[in-house]
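Subject: Structure for your review

Dear colleague,

Please find the structure below. I would be grateful if you could read the notes that follow with the model open beside them.

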Amino acid sequence: MVRKSAAALAAGCSVVVKPSEETPLSALALAELGDQAGIPRGVFNVVTSDRVGTPVVGEEMCTNPTIQAVSFTGSCAVGKCLYEKCSGSVKRLTLELGGNAPFIVFPSADIDLTMRALNAAKFHNNGQTCIGANRVLVHSSRLQEVLERCERLLEGKKVGNGMEDGVELGPLINQSGVDKVTRHVTDAVSKGGKVLIGGKRIPGRGYFYEPTLITGLSQEMEVWREETFGPVIFVRSFETEEEAIQLANNVKEGLAAYIISSEYQQIFRVTSQLQFGIIGVNEGAIRSVVAPFGGVKESGFGREGGLQGLDEYLQYKFVCTGGLN
């Protein structure tokens, strides 16, 4: 929301923000801060609604001719719906949709660097990010070592109230989030996956789930077709560079990917063939305000951040003038 709004305001546009019905308070707080900072009334606006009212707000934003552009972050299904509704007026549209990020560990990977990157890519916001590592692909020669280090990593993680000392992982967003993680774990186990650590909801109050490690990931599992959005590491092995690239690309999404390698030539070969808009090389924290953020394939189009993010709220105009003295 901040990344979208900042670019739109910098380009000279007024903004209407429709936050998720699950998390409206940050948008309202930002509006209050904008008011205190002197942003004129009507320039930065927030419209909230419950889940029932959200389609009505979305319909208005997509069809109202006063609105010149729509930028959306969310699921592929909703993004496609907005794409269709905006087509009636050929409205400018930016879509940052779902991700299904591969995290590829090649034979030359430094194990300590691998674990730091995986920890950042998987457990930021408890796995509830669109660029979170969803499928961990490890060369067979390094598989056992990576699994052992993953077990140690997860065993050391404390889950609970984020205001308490030592807590690293908080709750999932809601009951639906818990249900999705549970469904992915259950499906994986039913199709040959093996739980090495975790695998259950933490009993008691709150939407807490155990940090979980599952090996035996396959393309038949639900997690291969949709992001989990939870603290679960799904792992499978590969034998060749070509196989790793094929596995990584064999999804409909193309937002983020990660590779761990110490070979320069391999890094250039693999990054040139991966079908993703953002790639982290030996790095798990890949967000930057100066870099364009966005995906390819069904992860959407357009970019946020960097100079490219301004283009989504600007129109180019060519004026050819002659005949003046």
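Strand β7 (residues 194–197) runs antiparallel to β8, and three bridges join the two. Two strands are said to pair if DSSP finds at least two bridges between them; helices (H or I, at least four residues) and strands (E, at least two) are DSSP runs, numbered from the N terminus. Opposite L213 in β8 stands I197. With strand β9 (residues 232–238), β8 pairs in the parallel sense over four bridges, and there T215 has V235 as its bridge partner.

This is a predicted model, in which local features need pLDDT of at least 70 and side-chain atom pairs count only at pLDDT 80 or more, while totals for chains, interfaces and linings use all residues. Residues are numbered from 1 along each chain as its sequence is written, and side-chain values use heavy atoms, with hydrogens and water left out.

Are the faces of strand β8 (residues 212–215) covered or open? Both are covered: T212 and I214 on one side, and L213 and T215 on the other, are all buried. Buried here means under 20% relative accessible area, exposed means over 50%, and partly exposed lies in between (1.4 Å probe, protein chains only).

Which elements do the buried residues of α7 pack against? They pack against β8 and β9, where contact means heavy atoms within 4.5 Å. The buried residues of helix α7 are G177, V178, V181, H184, V185, D187 and A188. An α-helix has 3.6 residues a turn, so residues three or four places apart point the same way. Helix α7 (residues 175–190) has 16 residues and reaches 22 Å from its first C-alpha to its last, close to the 22 Å expected at 1.5 Å a residue; the expected span is 1.5 Å times one less than the number of residues. At the start of α7, a side-chain oxygen of N174 comes to within 3.2 Å of the backbone nitrogen of S176. This is a polar contact, that is, a pair of N or O atoms within 3.5 Å; within protein, one must be able to donate a hydrogen and the other to accept it, and residues adjacent in sequence count only if both atoms are side-chain atoms. After α7 comes G192, whose phi is positive, near 105 degrees.

How many disulfides does the whole structure contain? The search finds zero, a disulfide being a pair of cysteine sulfur atoms within 2.5 Å. For C86, the nearest cysteine sulfur is that of C62, 3.6 Å away. C86 counts as buried because its relative accessibility is 1%.

Turning to aromatic rings, the count comes to three pairs. Rings of Phe, Tyr and Trp (its six-membered ring) pair if their centres lie within 6.5 Å; planes under 30 degrees apart count as stacked, over 60 as edge-to-face and the rest as tilted. The rings of F103 and Y258 have centres 5.8 Å apart and planes at 35 degrees, so this pair is tilted. F103 lies in strand β5 (residues 101–105) and Y258 in strand β11 (residues 256–260), so the pair ties together parts that are 155 residues apart in sequence. Both F103 and Y258 are buried.

Finally, N249 is found in helix α8 (residues 241–249). A polar atom of the N249 side chain lies 3.1 Å from the backbone oxygen of Q273.
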